[in-house]
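Take a walk through this fold, one contact at a time. Start with a term, then follow the strands and the rings.

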Amino acid sequence: MRRRKYMVRYLALGAAVVILFGCGGNDGRVPASEGTEEERQEQEQTKAENGEAQSAEGRDYDLPVDEAQKTEAREACTGMFELAAKVCPELLQEDPILSDEVAEAVVEAMGTSDVPVSGPDIYRGMENCEIMEAFLKGCEDGESGEITAYELFEDGRIGQKKFLFDRKEMYLFAVSSYWNGESAVLGDVSYSKVKSWSYSEKGWLFYELCAPEYPEVTEPVYSRAMVRVKPLEEECAEITEQYLKPIAYNGNNLFWTDWDETHMEKLDYNGLFEYLYEVRCDDAFDQTRYAEGIPQEEFEEMMTSCLPVSREELREYAAYDSEKEMYEWISLGVGNRTLGAIVSSIPEVTAIEKNGDGTMTLTVDAVCESMADDALFTHNLTVRTDEEGNVRYFSNAAEEGARGEELPEYVYRIQR
């Protein structure tokens, strides 16, 4: 995928996507200890007593981690680095730069160890996803066990996450690691109880960790995460990554406003420009170039090539200074930002309908980490692409019944 740079924007996924699990048995599950009922009760009693010792201060987060756990994690991450280095020796160098293709090859190499592995491309899912899915479905059925998976980060770090389920509660032991000369060195280390979790039919795992609350902290601690276990269908993933993800739902309203060529007045053109720029130019938007506004010709050329809107309509609907022949632009900030779960969601194409006129109608779900919802709302987007890879957006409409309280009133970039 050519748009890995956009993962940084949305992935406050960051620690979220680190879902890395280790496994035992053919399906990755470590079975509960066998023995007599008396022995099992004794084991569970011991576990409960240990849990009380861990939560002696009345909390289920920042649980103690002993040196044996750290050593085991460090050695496992070292092994993963060595495995990855077979296809990418640069990973053992300082500040490695990983292209999309190299990152994908590294994830595949790590996956030969028969454990779930994820990478920077969230839509790609996990290598050995069936192992992860078997564990999660077992937990849903009340089976105890544990699983460990690994993640390759964009900056070359490798993370490990071990989920442990005791038939009632789930815990997460997580580390990040980087290479330091001859072995992996641990960075962040955490061990917490999972407050809640769910696994959707589409293959998304959502979870929230226990974290400090008021009055221990004055501001809420965000501890939610999501990861795609099963990969998105390849064509859907490519279209999403290339034409939807750079735009998404924050800072513009292209995908959560109903519009077509006969109703173009509601779009926030001034806010949308920077996102269309990144799609069309395949480059990061340079704010310093537009501090005084966007030249009329550049703005109108971008909009008319990407949308069914005329230059006359743009001058009427957008914030336009006719004397300077400039369209206004300001960066997204506190006073002109829409709040709500939708703005932190990411789009995901789930179906493609090829139309007779050469366009495609895409069924798109807004996947929301904060709401643990893989379809916060669903909309249908019609587009056409050309041989050069350029895209033109023709219409967007929310499916019936898809609009609700989760969609707040949009705040335009330039106040009208």
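A polar contact is a pair of N or O atoms within 3.5 Å; within protein, one must be able to donate a hydrogen and the other to accept it, and residues adjacent in sequence count only if both atoms are side-chain atoms. The side chains of Thr382 and Thr361 make such a contact, at 3.2 Å. This is a predicted model, in which local features need pLDDT of at least 70, side-chain atom pairs count only at pLDDT 80 or more, and totals for chains, interfaces and linings use all residues. Residues are numbered from 1 along each chain as its sequence is written, and side-chain values use heavy atoms, with hydrogens and water left out.

Stay with Thr382. It lies in strand E14 (residues 378-385). Helices (H or I, at least four residues) and strands (E, at least two) are DSSP runs, numbered from the N terminus. Thr382 is buried, at 13% relative accessible area. Buried means under 20% relative accessible area, exposed over 50%, and partly exposed in between (1.4 Å probe, protein chains only). Contact means heavy atoms within 4.5 Å. Leaving aside neighbours within four places in sequence, Thr382 is in contact with several residues, among them Asn355, Arg392 and Phe394.

Now the strands. Strands of a sheet pair through backbone hydrogen bonds, either parallel or antiparallel. Two strands count as paired if DSSP finds at least two bridges between them. Strand E4 (residues 158-165) runs antiparallel to E5, joined by 8 bridges. Lys161 has Ala174 in E5 as its bridge partner. The hairpin of E4 and E5 has 4 residues between the strands, and Arg167 there takes a positive phi near 85 degrees. On to E6 (residues 183-199): E5 pairs with this strand in the antiparallel sense over 9 bridges. How much of E5 is buried? In strand E5 (residues 170-180), 9 of the 11 residues are buried, so the strand is largely enclosed by the rest of the structure.

A second sheet to inspect is open: 3 strands in the order E9-E11-E10, with antiparallel pairing. E9 and strand E10 (320-321) stand at the edges with a single partner strand each, so one side of each lacks a neighbour in the sheet. E10 and E11 pair over 2 bridges. Asp321 has Met326 in E11 as its bridge partner.

Turn to the rings. Rings of Phe, Tyr and Trp (its six-membered ring) pair if their centres lie within 6.5 Å; planes under 30 degrees apart count as stacked, over 60 as edge-to-face and the rest as tilted. The whole structure holds 19 aromatic pairs. Phe273 and Phe285 are edge-to-face, at 6.1 Å centre to centre and 75 degrees between the planes. Phe273 lies in helix H7 (residues 269-281) and Phe285 in the loop between H7 and strand E9 (294-295), so the pair ties together parts 12 residues apart in sequence. Phe299 and Tyr327 are stacked, because their ring centres are 4.0 Å apart and their planes at 10 degrees. Phe299 is in helix H8 (residues 296-306) and Tyr327 in strand E11 (residues 326-327), so this pair ties together parts 28 residues apart in sequence. Ring pairs link these residues into a cluster that includes Phe273, Phe285, Phe299, Tyr327 and Trp329.

Last, Leu314. It lies in helix H9 (residues 311-317) and is buried, at 0% relative accessibility. Leu314 touches residues including Phe299 and Tyr327.
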